[in-house]
Amino acid sequence: LPVLCFSQTTKEKPKTEDEFNIKKYKGEPGDRLIIEINRTAWLGAPADIKTHWRSLGLNFAFMFDKPIGRSSFSFGYGIGIFSHNFHSNAEFIYKLDSTNNKSVTTILQPKTTEYKTNSYNEKILEIPLEIRFRSKTDRKFKMEFGVKGGYVINDFRKMVDADGKLRVYNTKNINHIRYGVNFRIGFEQICLTACYYVSEVFQKDRGVNGINMYSFGIAIIPY
C-alpha cells in the first residue's frame, strides 16, 4: 500500500525592526574618566587687576555612570581634582584693622615692580554630580549639566622676578569651600566645557568681595 507522508514546515518569524533598534535597549555606562584643559579666570576682580594669558588649569575627574532605564540619560557622580591657576598683576596685601589688631583683611593692588611670573594657584578636591545625555547613534552626541562642591586643599602664590623665585602658601582669608555649576557639550571623546563657581574666592568682608572663579576649555573623555 502506498504510504502518504505529510511534512509540516514552520516558517521562521521575521524579526521586527524594534529588535534591532538600539534605542530600545539600556545604554552602556560611559564618560568615566574626564580630563579638562581650561582657561581660568576671575569674574568681579578690581578693574586694575589684569588677567594674563598664561592662566590655564587642569581638571581630572573619575566618575561612575548610571544609565536611567532605557533612556538616553544617565546620572554621573565621582571625585575630581581641579588645579586653578590665576596669572595676573595682582599683589596680595594684608591690611591690619586699626581698631582690632587681630583682624586682617586681604586686598588686591596692581604690582608696581617688574616680574616674570605672578600667579595665585589653588588645588580643589571636588565631588561632581551630573545629569548626562548621550545619543544612541553611531557617533554619539553628548551634553551634560551638573553641580560640584569641594574644598581647597592647597593654595599658594608664585612670584618670579629679578631677585629669584618665591612661593607663599596659605593665603589669608581665602574661602576654602567651593561650589558651582558645570556644563559640557560635544561628540564622542571631545567636548567643550565650562564651569562657574558660585562661591567667592575670599571670605565675606575679610577679602575683596564679589570675586568668583570660572573656566572654559576642552574636555577629553578617553572612556
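Trainee: In which strand is Val 152 found, and what makes this residue count as buried?

Mentor: Val 152 is found in strand β7, a strand being a DSSP run of E over at least two residues, numbered from the N terminus. Because buried means under 20% relative accessible area, with a 1.4 Å probe and protein chains only, Val 152 is called buried at its value of 2%. This is a predicted model, in which local features need pLDDT of at least 70, side-chain atom pairs count only at pLDDT 80 or more, and totals for chains, interfaces and linings use all residues. Residues are numbered from 1 along each chain as its sequence is written, and side-chain values use heavy atoms, with hydrogens and water left out.

Trainee: Why is Lys 158 called partly exposed?

Mentor: Lys 158 also belongs to β7, which covers residues 141–161. Partly exposed is the class between the buried limit and exposed, the latter being over 50%, so Lys 158, with a relative accessibility of 30%, is placed in that class.

Trainee: What makes β3 a partner of β6?

Mentor: Strand β3 (residues 73–87) pairs with β6 (residues 117–134) over 13 bridges, in the antiparallel sense, and Gly 76 stands opposite Glu 130 of β6.

Notes. Helices (H or I, at least four residues) and strands (E, at least two) are DSSP runs, numbered from the N terminus. Two strands pair if DSSP finds at least two bridges between them.
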